[in-house]
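Welcome to this guided tour. Please open your viewer, get your selection tool ready, and follow along one stop at a time.

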Amino acid sequence: MPSASKFQVTSVEREPVSEQVVTQLLGMVRAGNLKADDRLPSERELAQSFGVSRPTIREAVRALVVLGVLKTRHGGGIFVSSLRAEALLGPLQFFLSLEETSVDTLYDARQLIEGGIAARAAKAAQAKDVAFLLALIEQQKSAIDDPQAYRKLDIAFHEYIHALGANPFLSRAASSLNTLGLEFRTTASESREVIAQSLLDHDAIVAALGANDSAAAEQAMRLHMSNVLESTRESMAAIRQSEHAFTQGDA
């Protein structure tokens, strides 16, 4: 639990009070006074600190739970979430799932950001980094018939390259876009052929990193993103066709 000196709040006096509580709690997270997995004071203590009712605190906490910032444990209190991208991007991920054209703009952004990171990573890559990534690829090959396991290893592969890029803002942006893309490409990544193509792409990326060739690393990563986009488009089109055929069958 954060110390009393860190948990400084302003008494809430204007409507809507629950939104003001949300704003203040978000401010504490941004400032680092509330960190991942910190336990908040009890509902009663929060109500006293903010000068509001307990139902108002419950409303604010529910809103922050939906946003992925807080989590509650039955009988165990209120905690800050892990603050990882997958926890924080749920509402936006849902919105993007409603926008069919978003997949193109999403992967346009991924090409730019992931490509730029790969170029930076190539300058920093050492033999130990190449060895680690090659070991990850071998694990990925072993998981070619287990899409769920493969996706976890794929995330680890990209996150390692993000870390080599040595820019936390770019890394967070890339990880966030990767998480948002999961909604679109989960079905596509069930395909053995799609995974096999990704493995070839990963080999090319690591080869460029091993040669410390920034231009080749960026090109290989951008091609990888292009291949992922293409397989995602094909998967989405197949789903739409299947849904249309099912609807026509019911007509």
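Of the 251 residues in the protein chain, 42% are buried, where buried means under 20% relative accessible area, exposed means over 50%, and partly exposed is in between (1.4 Å probe, protein chains only). This is a predicted model, in which local features need pLDDT of at least 70, side-chain atom pairs count only at pLDDT 80 or more, and totals for chains, interfaces and linings use all residues. Residues are numbered from 1 along each chain as its sequence is written, and side-chain values use heavy atoms, with hydrogens and water left out.

**Stop 1: the whole chain**

Switch to a cartoon view. The protein chain has 11 helices and two strands; these are DSSP runs numbered from the N terminus, with helices being H or I of at least four residues and strands being E of at least two.

**Stop 2: the hairpin**

Select residues 70-73, strand β1, together with residues 77-80, strand β2. The two strands run antiparallel and are joined by four bridges; strands pair if DSSP finds at least two bridges between them. Click on Thr 72, and you will find Ile 78 of β2 standing opposite. Three residues lie between the strands of this hairpin, and Gly 75 takes a positive phi near 75° there.

Stay here and show the side chains of Arg 73 and Phe 79. The charged end of Arg 73 sits over the ring of Phe 79, 3.9 Å from the ring's centre. To count, NZ of Lys or CZ of Arg must be within 6 Å of the ring centre and within 35 degrees of the ring normal.

**Stop 3: the cores**

Which residues have the most contacts inside the largest nonpolar core? Select Tyr 107, Leu 133, Phe 157, Ile 161, Ile 205 and Leu 209 to see them; this core has 35 residues. A nonpolar core is a set of buried Ala, Val, Leu, Ile, Met, Phe, Trp, Tyr and Cys residues joined through side-chain atoms within 4.5 Å. Color the elements that give two or more residues to this core: α6 (102-124), α7 (127-142), α8 (147-165), α9 (168-185), α10 (192-210) and α11 (214-250). A second, separate core of 21 residues includes Ala 47, Val 52, Leu 64 and Ile 78.

Return to Ile 205. Not counting residues up to four places away in sequence, Ile 205 touches Phe 157, Ile 161, Ala 220, Met 221 and His 224, where contact means heavy atoms within 4.5 Å.

Leaving aside neighbours within four places in sequence, Asp 201 is in contact with His 224 and Asn 227. Asp 201 counts as buried because its relative accessibility is 6%.

**Stop 4: an aromatic pair**

How many aromatic pairs does a search of the whole structure find? It finds one. Select Phe 132 and Tyr 160: their rings are stacked, 4.4 Å centre to centre with 20° between the planes. Rings of Phe, Tyr and Trp (its six-membered ring) pair if their centres lie within 6.5 Å; planes under 30 degrees apart count as stacked, over 60 as edge-to-face and the rest as tilted. Phe 132 lies in helix α7 and Tyr 160 in helix α8, so the pair ties together parts that are 28 residues apart in sequence. Phe 132 is partly exposed at 39% relative accessibility, and Tyr 160 is partly exposed at 22%.

**Stop 5: two loops**

Go to the loop between α1 (17-31) and α2 (43-50), where you will find Asp 37. Its phi is near 75°, a positive value in a residue other than glycine. Next, move to the loop between α8 and α9 and pick Ala 166. Phi of Ala 166 is near 60°, also a positive value in a residue other than glycine.

Buried or exposed: which is Ala 166? It counts as exposed because its relative accessibility is 63%.
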